[in-house]
Amino acid sequence: MAGRQSAPRRSAERAWFITGPLAILAVIWSTGLGILAGDGGTERLVGRIEHPVGAWVVAAALLVFMVVTEGSTLHFVIRRQAIIATLTEIPLVLALFYLQPLTVVLIFTLATLISQLRRRVGMAKASFNVAKTAAATSLAGLVLQALPPMTDAGPRTLANLFIAVSTITLVTFAAVIVVVTLIQGAQAGWEMTRTAAPNLVVAGANVSVGLIVLIALVSTWWSLLLLALLASGLALVGKSYAQFFRQHRTLADMYDLTRAMTQSGQDGTLTDVMLGRVRSLMQAEYATLWLPAQGRHPEVLLTARVDDPGLLDLGRTPLIARRLAVQEKRTVAVGGRLDGDEEVRAALRADGAKDVIVAPLRSGQAVIGTLEVVNRLSDSTHFLPGDVPVFETIAAHVAVALENSRLVDRLRHDAYHDGLVNLPNRRRMTEALEEAVRVRAPGEVVAVLLFDVDGLRQVNESLGHAAGDEVLTEVASRLRSCAPAAALVGRIGGDEFLVTLRAENAEAATELAAELREQIQDQMVFGTLVLDVDTAVGVAVHPDHGNDPETLLRRVDLAATAAKSTPGSIQLFNPALESRSMHRLGLAGDLRRALDNGELEVYFQPKVTLDDRRLVGVECLARWEHPAHGPVSPEDFVAVAEHTGQLERLTEAVLREGLRRSRDWAADGGSLAVSVNLSARTLIDQHFPDRVQELLAEYGVAPELLTFEIKEAGVLDGTNRPMPTLRRLREVGVRLSVDDFGTGYSSLSYLRRLPVDEVKVDRSFVQGMATDPVDLAIVNAVVTLSQQFGLTVVAEGVESELTLELLQDIGCQIGQGFLFSRPLPYERLEAWIGAQVEPETAAASDVRRLRAVP
C-alpha cells in the first residue's frame, strides 16, 4: 500500500496573499487609465461608439457575451492531451475596440463576479478571480494606450488588440500558477506550467477568431446576423462534440482503470491504483473503499483524497449512506443535483459535504463492501444523474478486480501454507531461510530446529487420521505459542515442524530447542484416551552447518533422525551424522548383493544360567564383512534393510541359519535353543507367523526351541498393532522375549497384557549395577516383578564377577555377556563349548555345564 500518512493540506485562504496585491495593482492601473482618459489620451479608431446610450448598449451586450463565454467551456483532445478552453478572448477583442479601456475593465470584472456568484464559489476563490480579472484587464488597457493609435481596422489595430488580449491571458496564467503553487505546492505549480502551452495556443486562436469577427463587424453590421447563425451552429456542434468527448473520455478512462486494476492485482497495489483512478475519473474530492472483515482479511477503510499522494485510513462518507447501500444492496446517491434519502442529506450537511455516491460491491448475491465518492471537484459543480450509472459500472469492475485479487492472494497463501495447521509449508520456509541466510548479521547464527513428532503413524493406524490431524494441529498450536516472537514456525512434512530464528550461537539454539520441546511435551486428551506427545529435535545452524537452505534442511533432518536414539531426544548436527548417512546410502545395493550371494554370516552368543552356568541357548546375530569397507555395523545394515525393503530377506536369512544349527545340534544328541531379533516392522506383517511355521516344519525344529526377541519400543508402542502377530506367534508355539527392557517409557504392569515369556534387562542398567544404586534398584524391580508375572529374566551385558554375584543375589536366572563369551561363528562356538564343558560331567548327564571362569 501507499503511505497512509498524507501531507498536510494547505488552506485555500492562502490565496489572499495573491488576491491582495492583485487588487492593489488593479486599483493603481485603473486609476492610471482614468487619468489617461481625462487627459484625452484615449483617441481611438473611427469605429468607437461616441453616443453614450449606444456605448452602454454595446457594453451591456458585451457583458452578456462575456458572462456566457465565462460559463461555457470547450473540450478538445490534441495528441491524447485534453484541453479545456473558454471563448472569453472573443468579446474582449470587441470590447477593447469599441469601448473605453476603463469601461472594459468594469464590464469584464463585473462578468467575472457574476460568473463566480452563479457557481457559488467560495469567498477566497471568487475574490482571487475578480482581482485577477481586474488587474489583467487594467494592465492590458495600459499596454493598449502605450501602443500606436488605432485609426482603422488595419493590421496595426489587429496587432495592438492581439497584444492587449494576450497580455490579459498571460497575466491570468501567471496569477493562477502562483496561487496553485502557494496552495498545492511547487510540484503542482510546475505541472501547470508544463501543460500551459496548449492552453496558450487555444487562447491565441480565440483572439484570432475575435479579430475575424471584428473585421466582419467593421465591414458591415449585417454580418452580425450571419455571425449569430454561425455561433448557434457552432454551439450545437460544440455541445454534441462535448457530449461525445465526455463519453469517449469516460470509456477511455474505464479501459485504463480496468487495465490498471488487472496489472496491479498481481503485485498487491490494487487499492492504491484503483482509488486514485476512480477519484480522478469521477472528478471527486474523495474516493473511498470499504471492505468488512472477512476470514483472515481484516476490515479495510482507505481513502484517496485530491492532492494527497498516499491513502488515508479514514472516510468522509456518512455512515448511514454506507449502511443503506449494504443493507438494501442498492446505490445511494445524494447531492445538489441528485435526489436521495433525507437522512443521508442531513448527514451530508452536518459533515459539511455537498454530495455523495455509495455503490455496493457485489459478488454474486452477496455484498462484499462499498465504493464511495464524496464531493464533486469545483465549488459550483455536483454529481449528475448520469454519473450514477457510470459509477455503478466502475463499482462492478472494482468488485471483480477485488475478487480476483483475493483469489490470487488465497492461491498464493495456499501455495505457501499448510492446509491443515495453517503454517508456512516447506516452500515458504525454504524461501524464508534463504532470506535469513542472505542477511545474517555478524556475530549471530541462523538456527534451524526440526521437531519430529513421535508415534504419529501409530495414532493414525489405531485411532484414524482424524485423530492424527488433531495431534498435528495441537503440536502446531503449542509451537506457535511457545516459540519466540521473532521465530518462524512451519510444517515441512507429515510429522515434521521447522522453527527458524536468529541466535547467538549453536549452544543457544540447542538450549532453545530443549526449552521448546519441554514446553510442548504434554498430554493430549481425545475423548477417554490420553496420549503423550513427544518429539525428537534436530538442530543445525548457519554458517557452521551449511550456507544454503537445501544443505541446512538436509542436515537438520539427519540430526532429527539421530535424536530419536539420543538421550534427551535432541541432537546438534555433526559431520559424523552425514558421513554415516552417506555410508548407509551406499550400502543399499551392496546389501542386496550380499543377501543374494549369502555373504552375511550369523554369529551366536551363549545364554547361560547364572547359578550353575548351564548353556540354555544362543542369540543369533547377523554380521557382514563388506569387501571394501570391512565390518559393517549391524545397526547400519539393519537400518538400510528397513528403508530399502530388504528386512524380510535379512530376517529370514538369520532365522534359517539359526534353525539349521539348532537342527544340526539336535542331530548330535543335544538341543540348542536359538533367539532371533525381530524388527518392529515385522510385527505388523500378518503373514510372518505362517512363514515361521513353514520354516519350523522345513527344518524339523520344535517351536519351543525358537525365541523371538523384540525391542521394548516395538512391543510397547502404545497401540495394539503388534498384538495380532504376537498372539499368532504364541499359537505357533515359539517363545517371545522383550529386548532392551527399561530403555522405554512403559510401565512394568503393561507386561501382564503381553503374550511374552521372557524379559531381557538392558545392558546399560546391568553394567551400572556395581557402581550405581539406582541401576541396581531398577534391575531388582524388573527381576522381582517379572518373576511375579511368571516371566523369565535375562540380564544382558554381564561382564564382571561382581555383576554376576549381584544378579545371583537378586534372583536373576539367566545371563548373557562378555564374561561368558562374545558372539562367535558356529565353528568357534562349538570349540568354545567343548573347552568349557567339565569332563567329569560330560558322561553323567546330557546337560552341558560350563566350567567356572575365573
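In which loop does Pro543 lie? In this predicted model, Pro543 is placed in the loop between β14 (535–542) and α18 (549–563). The protein chain contains 29 helices and 24 strands, and buried residues make up 47% of its 854 residues. Among the contacts in the chain with a separation of 6 or more, 66% join residues 24 or more positions apart.

**Helix packing**

- Two packed helices are described by the angle between their axes and the distance between the axes.
- Helix α5 (residues 123–146) packs against helix α6 (residues 155–184) at an angle of about 150°, and the two axes are 8 Å apart. Angles over 145 degrees count as roughly antiparallel, and α5 and α6 are therefore roughly antiparallel to each other.
- The crossing of α5 past α6 is right-handed. On the α5 side the contact is made by Phe128, Lys132, Ala136, Thr137, Leu139, Ala140, Val143 and Leu144. On the α6 side the residues include Asn160, Leu161, Ile163, Ala164, Thr167 and Ile168. By class, the contact of α5 with α6 has 14 nonpolar, 4 polar and 1 charged residues.
- The axes of helix α10 (residues 270–281) and helix α13 (residues 387–416) come within 12 Å and cross at roughly 175°. These two helices, α10 and α13, are therefore also roughly antiparallel to each other.
- From α10, the residues Leu270, Met274, Val278 and Leu281 take part in the contact. They meet Val390, Phe391, Ile394, Val398, Ala401, Leu402 and Ser405 of α13. The residues of the contact of α10 with α13 comprise 10 nonpolar, 1 polar and no charged.
- Helix α22 (residues 688–699) and helix α24 (residues 723–732) have axes 9 Å apart and pack at an angle of about 20°. The angle makes α22 roughly parallel to α24.
- The crossing of α22 and α24 is right-handed. In α22, Phe688, Pro689, Asp690, Val692, Gln693 and Leu696 contribute to the contact, where they meet Thr725, Arg728, Leu729 and Val732 of α24. The classes in the contact of α22 with α24 are 6 nonpolar, 2 polar and 2 charged.

**A helix with a buried face**

- Helix α12 (residues 342–351) has Val344, Arg345 and Leu348 as its buried residues. Seen down the axis of α12, these buried residues fall within an arc of 100°, so they line one face of the helix.
- An α-helix has 3.6 residues a turn, so residues three or four places apart point the same way.
- The face of α12 turned away from the buried side carries the exposed residues Glu342, Glu343, Arg349 and Ala350.
- The cover over the buried residues of α12 includes α11 (319–328), β6 (332–334) and β7 (356–363).
- Just after α12, Gly352 has a positive phi of about 80°.

**Backbone geometry**

- Most residues other than glycine have a negative phi, and most peptide bonds are trans.
- The peptide bond from His542 to Pro543 is cis, with omega near 15°.
- Gln283 is a residue other than glycine with a positive phi, near 50°. Gln283 is located in the loop between α10 and β3 (284–291), and it counts as partly exposed at 27% relative accessibility.
- Asn422, likewise a residue other than glycine, has a positive phi near 55°. Asn422 lies in the loop between α13 and α14 (426–438), and it is partly exposed, with a relative accessible area of 45%.

**Two individual residues**

- Asp256 belongs to helix α9 (residues 223–264) and counts as partly exposed, at 26% relative accessibility. Asp256 and Arg277 are 21 residues apart along the chain, and their C-alpha atoms are separated by 8.7 Å.
- Arg362 is found in strand β7, and its relative accessibility of 41% makes it partly exposed. Arg362 and Val326 are 36 residues apart in sequence, and 9.6 Å separates them in space, C-alpha to C-alpha.
- When its neighbours within four places in sequence are left aside, Arg362 is in contact with Lys329, Arg330 and Ala399.

Terms used
Residues numbered from 1 in each chain as written. Predicted model: local features only at pLDDT ≥ 70, side-chain atom pairs only at ≥ 80, totals over all residues. Heavy atoms only, no water. Buried < 20%, exposed > 50% of the residue type's maximum accessible area, 1.4 Å probe, protein only. Helix = DSSP H or I, 4+ residues; strand = E, 2+ residues; numbered from the N terminus. Arc of directions from axis to C-beta. Contact = heavy atoms within 4.5 Å. Axes fitted to C-alpha atoms, helices over the stretch in contact; angles between N-to-C directions. Parallel < 35°, antiparallel > 145°, perpendicular 65-115°, else oblique. Nonpolar A, V, L, I, M, F, W, Y, C, P; charged D, E, K, R; others polar. Left-handed = near helix turned anticlockwise from the far one by under 90°.
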